[in-house]
There are 2 protein chains.
Amino acid sequence: VDSTHLQKLIDIVGRENVLTEPSDTASFTTDWRGRFKGCCAAVVRPGSAKEVSEILRYASTHRIPVVPQGGNTGLVGGGIPDATGTAIVIALTRMNRVRKVDVLNDTMIVEAGCVLVNIQAAAREIDRIFPLSLGSEGSCQIGGNIATNAGGLEVVRYGPMRDHVLGLEVVLPNGDILEDILELRKNNTGYDLKQLFIGAEGTLGIITAASVRLYPRPHVTATAFCALASADDALSVLSMVKQRCGSRLSTFEILSKLQVDLVCTHADVQSPLTGSTPWFLLIELTDPDKDAPVEELLLNVLSDAMESGMVADAAIAQSDSQKESFWAIRHRVSEANVATGRVLSHDTSVPVSSCAEFVRQVESALKDQPSMQLSFVGHLGDGNIHAVAIFDRDRVSAKEFEVRASEVSSIVYDITRKLNGSISAEHGVGVSLRDKLPGHKNPVELELMRKIKRLMDPENIMNPAKLVTLN
Amino acid sequence: VDSTHLQKLIDIVGRENVLTEPSDTASFTTDWRGRFKGCCAAVVRPGSAKEVSEILRYASTHRIPVVPQGGNTGLVGGGIPDATGTAIVIALTRMNRVRKVDVLNDTMIVEAGCVLVNIQAAAREIDRIFPLSLGSEGSCQIGGNIATNAGGLEVVRYGPMRDHVLGLEVVLPNGDILEDILELRKNNTGYDLKQLFIGAEGTLGIITAASVRLYPRPHVTATAFCALASADDALSVLSMVKQRCGSRLSTFEILSKLQVDLVCTHADVQSPLTGSTPWFLLIELTDPDKDAPVEELLLNVLSDAMESGMVADAAIAQSDSQKESFWAIRHRVSEANVATGRVLSHDTSVPVSSCAEFVRQVESALKDQPSMQLSFVGHLGDGNIHAVAIFDRDRVSAKEFEVRASEVSSIVYDITRKLNGSISAEHGVGVSLRDKLPGHKNPVELELMRKIKRLMDPENIMNPAKLVTLN
């Protein structure tokens, strides 16, 4: 990017909002796990949709690649520029206002740079919740959550990010501002354009604001930790809990024994259950009715499940601190795994009914891998179980890990494909999975994706070579 | 369409599935209310996606306009061919199989021609529900429900049709079959292409099958009919019920006094409440937990609402027959209105919080219309209140009605626009509202819709001149 370009960017957003010093841009060109490292001509921090519009109009004219970035908490390299240094990073950080709260409509209009916890807090202030709940909620931004259709811990109850979006304000690559940001629950006046940008990972435009749905605040909670003999039993319990508890069910997480053991060993956490069953569940019910006997309901359902042999043992949290200790087991998985060895995680989904088969096939296919442990953890209610391969750091070098990781992933993805699953359930494609897409999506789908990309972004400036390649 | 074309169509689907006699095609070229009358070269009834593919490939090559049709229950003329007689109607009636039921995954794969009640019944057979619920459910087809993103009576709880679709099989205008029909709750591998076809009213391709979500079957129900002094009170009650009952709330319908009176007069139905308050609510709670005290909960909430003066009077159904009699008031609205006079209904939505303002402004703007009564009925929980103008049949001729209807609609749509609403909440655009779209959507949106239409359907064969015009 030559100095004319830089001056133009400065004219648009002000000198203090164009960063070019490597020490200033470093945190924008590497992801937080340090797995992707790029380079950029500048980091630009616009303060309004109008400024974003001027930047994109200029970038389109001069074919300057643009990488939009939210909280930089992604896992697939979607927000990191490539190594050429030709791109500008557009950081939405300054656009962090809650523009509007409408209590009777149960909606908010938020700017893309709002950090997720701040949106959650703004909702609680009016006795509502915004139900997206992620490990990175303290730093991820809603624009990124929308661009990646983020999932998390309560999708079984509330659905993914897509389900919370009522409208979007998006700047198109040519600088046009698409104002599709009504706050309506029903609107059948043509193609639902906003859907295109949700999950598009910044390849079709830059989301600058969104109208989102809020939900009633739960007033009672019941949390259980259960031990089970098999993943098939876990599916039976899930079905039973869903049918009897309905939308009280807000979390249904599964963990393999190894996973719980690793957390207890490395993260200073205690399991409420002893014994040696191979699977555990974290189940939570919530209800906005303060008198709802959710604990009694959960107890009844789990008692019946124990009687019919689906559940081996169960504990229901009797206090907030006990509830937190159950949750700690789930929350500290990543930390424990990283402390254990070199971690290769997968973000696949299959139909819920195929989850036990998925686990069996992955276990069987990987059982002879040397110096590697295999754990499972994830969102059984969504069919989204992360298969985690952890390699012994002493026996598998960083270089060897790369080779082995690629082999193991191929095996997991093959099984996923045979079970009609997805190789990216909630993390997106970015750079990590881009080249695997052609093996997992059919040619008609891929070609239509490319056609839409070319239509919307004819100069291919928007996050180029992320998600989909053009050729 | 010349005889070569007809022979080709016969080759594809068989002679018995190509109708050309006017007596055979008549029911496909007129809508059920008799408001749209067209003409067609043939009605073609394919039996598989492959046959649809061959038809569209041929139609694209020869630029033959194609009008897809489901149960022909639409309200905006979207499924009726124009008067030129050049188009072929593609009726999906023969594609009516439930291809797959997956109990543990809570999903079904259904073909486009499945009638909605049959899908509801197939779900009930496995102790689940498919929650789309419409007046026309006995004859509308799921393909049409998806193509129009149908709404109905339980959107406040379950969302519109879009929310139930996990995957689609769609034949594109060039004959390619887009197999985006996985049964996954999470899949972030690229643009969510299926969203384009939901609500596109058959202008981008023909939906031939869908994977859809099922939900737990409710086992208890509580139904109330309430009398209120104002629409503002209705909003307060809605908010209270939502916050305290959560997703137990499955229906929240509003009716104006005139509307209830008309039903009681013309449809042989009795209101459970006497008195002269201007507004009524039909509220239903459901719960899959058979022991859930939904009646007690509803009673408590309504008692509190009465104490604080929001509700003037209320009755909770004490038996199934009483429940049915409450619902009869809602279900027989159309019948009563048609018996009363010449009916002009609107399908607008506004933010829920603006509903009282919407009603006030419409009432005020139309108060001096001679020989016209104004009623309101609809889905307050979705911000979707149908304003219904009923003209005295003796004083307003059919011809005069046309002129007056256009004036009145303009007034209603202007108010809707000013309140950031939509002129089509759930019925779609079709022919009826097509020419009004440019006044209600911004140019960037409209232009992007046209670009997508041109991209997907370059020969403009798919339901041409419906929803969006190209120029």
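Start in chain B, where B:Ser375 stands opposite B:Val388 in β18(B). To see the setting, select residues 372-379 and 384-391 of chain B: these are strands β17 and β18, paired in the antiparallel sense over eight bridges. Strands, like helices, are DSSP runs numbered from the N terminus (E, at least two residues, for strands; H or I, at least four, for helices), and two strands pair if DSSP finds at least two bridges between them.

A word on what you're looking at: this is a predicted model, in which local features need pLDDT of at least 70 and side-chain atom pairs count only at pLDDT 80 or more, while totals for chains, interfaces and linings use all residues. Residues are numbered from 1 along each chain as its sequence is written, chains are lettered from A and ligands numbered from 1 in the order in which they are written, and side-chain values use heavy atoms, with hydrogens and water left out.

Now widen the selection to the whole sheet in chain B. Seven strands form an open sheet in the order β15-β12-β14-β13-β17-β18-β16, with antiparallel pairing. At the edges stand β15 (313-316) and β16 (342-345) of chain B, each with a single partner strand, so one side of each is left without a neighbour in the sheet. From one strand to the next, the twist averages 15 degrees.

Select 231-245 for helix α8, which lies across β12 (220-228), β13 (249-256) and β14 (279-287) and runs at about 175 degrees to β13(B). Then pick 294-307: this is helix α10, lying across β12, β14 and β15 of chain B at about 15 degrees to β12(B). (Axes are lines fitted to C-alpha atoms, for helices over the stretch in contact, and angles run from 0 to 180 degrees between N-to-C directions.)

Stay in chain B and click on B:Phe130. What does B:Phe130 touch, not counting residues up to four places away in sequence? Its contacts (heavy atoms within 4.5 Å) include B:Leu116, B:Ile119, B:Met161, B:His164 and B:Leu214. Along with A:Phe130, A:Phe197 and B:Phe197, B:Phe130 touches the most other members of the largest nonpolar core, which has 88 residues. Such a core is a set of buried Ala, Val, Leu, Ile, Met, Phe, Trp, Tyr and Cys residues joined through side-chain atoms within 4.5 Å.

Time to bring in the other copy.

Over in chain A, select A:Gln141, in the loop between β7 (128-129) and α5 (142-147). Is A:Gln141 buried or exposed? It counts as buried, at 6% relative accessibility; buried means under 20% relative accessible area, exposed over 50% and partly exposed in between, with a 1.4 Å probe and protein chains only. Among the residues that A:Gln141 touches are A:Gln69, A:Leu92, A:Thr93 and A:Cys114.

Last stop: zoom out on chain A. Its secondary structure comes to 16 helices and 18 strands. Of its 471 residues, 61% count as buried, and its C-alpha atoms fill a box of roughly 75 × 55 × 45 Å, taken along the principal axes.
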